[in-house]
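Work through the exercises below with the sequence and the model side by side. Try each task before reading its solution.

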Amino acid sequence: MIELSTTPMTWVAAGDSITQAVLHTYGARGWVEHVHERIRWQLDRLTDIVVNSGVSAWCASDVLGSYDHLIGRFAPDVLSISLGTNDARAGLAGLEVFHTDLRAIIAKADGARIVLHTPVLTSMSGRAARPELPAYCQAVREIAQDTGALLVDHEAHWLARFPDGADPIPWLDDPAHPNAVGHLQMANHTLRTLGLGELTDV
């Protein structure tokens with residue numbers, strides 16, 4: 001759970017295109033925007049600041065290389081990191097680098113409450129490009145356990161809805177990107193995990 005301060009807090013969400021939420025929602029809110037609505041309006045934390053610094057197509061190494069611009073200058077109280085979907089294209093050969101870079105991002109965010117997200121499922125057609133995505137999800141789990149980060153396990157949440165290899169098409173716009181329904185699912189699962197309830201009136 002996230003302990004809410006009596007003073008205003010700064011929340012930063014770093015990640016890739018799924019965090020940035022470009023194109024694939026067709027004007028609907030992305031998951032970070034939903035979280036923003038919950039924190040700043042529904043929870044009446046009007047002076048909290050929620051920053052979305054997601055960048056389409058980026059990997060953990062890219063975020064690490066631009067840490068000060070994307071994260072550091074905001075001095076977040078809470079840092080959400082959602083990476084792995086693009087990193088997984090490197091297969092098992094890239095797993096060690098992913099471990100190293102994600103841990104380095106966390107280490108630089110000293111003093112922030114870290115929230116790590118596993119990637120969401122891809123469609124069956126998308127699995128050819130990312131066959132080792134489950135291994136990257138497991139890496140996120142291991143890093144969360146090792147560092148004490150709060151884990152938002154989207155993979156597990158999606159697998160519960162689409163078991164036994166079922167295709168998660170209802171929550172996707174293309175083989176790898178959630179649609180508006182998928183983003184709302186991501187938002188509510190994140191909020192529940194953070195102990196912030198669920199969205200109302202959406």
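This is a predicted model: local features need pLDDT of at least 70, side-chain atom pairs count only at pLDDT 80 or more; totals for chains, interfaces and linings use all residues.

Residues are numbered from 1 along each chain as its sequence is written, and side-chain values use heavy atoms, without hydrogens and water.

**Exercise 1.** Find which residues touch the most other members of the largest nonpolar core.

Step 1. A nonpolar core is a set of buried Ala, Val, Leu, Ile, Met, Phe, Trp, Tyr and Cys residues joined through side-chain atoms within 4.5 Å; buried means under 20% relative accessible area (1.4 Å probe, protein chains only).

Step 2. The largest such core has 28 residues, and Ile-71, Leu-79, Ile-81, Ile-114 and Leu-116 touch the most other members.

Step 3. Take Ile-71: beyond its neighbours within four places in sequence, its contacts (heavy atoms within 4.5 Å) are Val-12, Ala-14, Val-63, Pro-76, Leu-79 and Ile-105.

Step 4. Another core lies apart, with 26 residues, including Ile-18, Ile-39, Val-120 and Ala-187.

**Exercise 2.** Find which residues lie nearest the centre of the largest pocket.

Step 1. On a 1 Å grid over the protein atoms alone, a pocket is an open set of points where a 1.4 Å probe fits, with protein on both sides within 12 Å along at least five of seven lines; lining residues have an atom within 4 Å of a point.

Step 2. The lining has 15 residues, and Leu-121, Thr-122, Arg-127, Pro-134 and Glu-155 lie nearest the centre.

Terms used: Buried means under 20% relative accessible area, exposed over 50%, partly exposed in between (1.4 Å probe, protein chains only).
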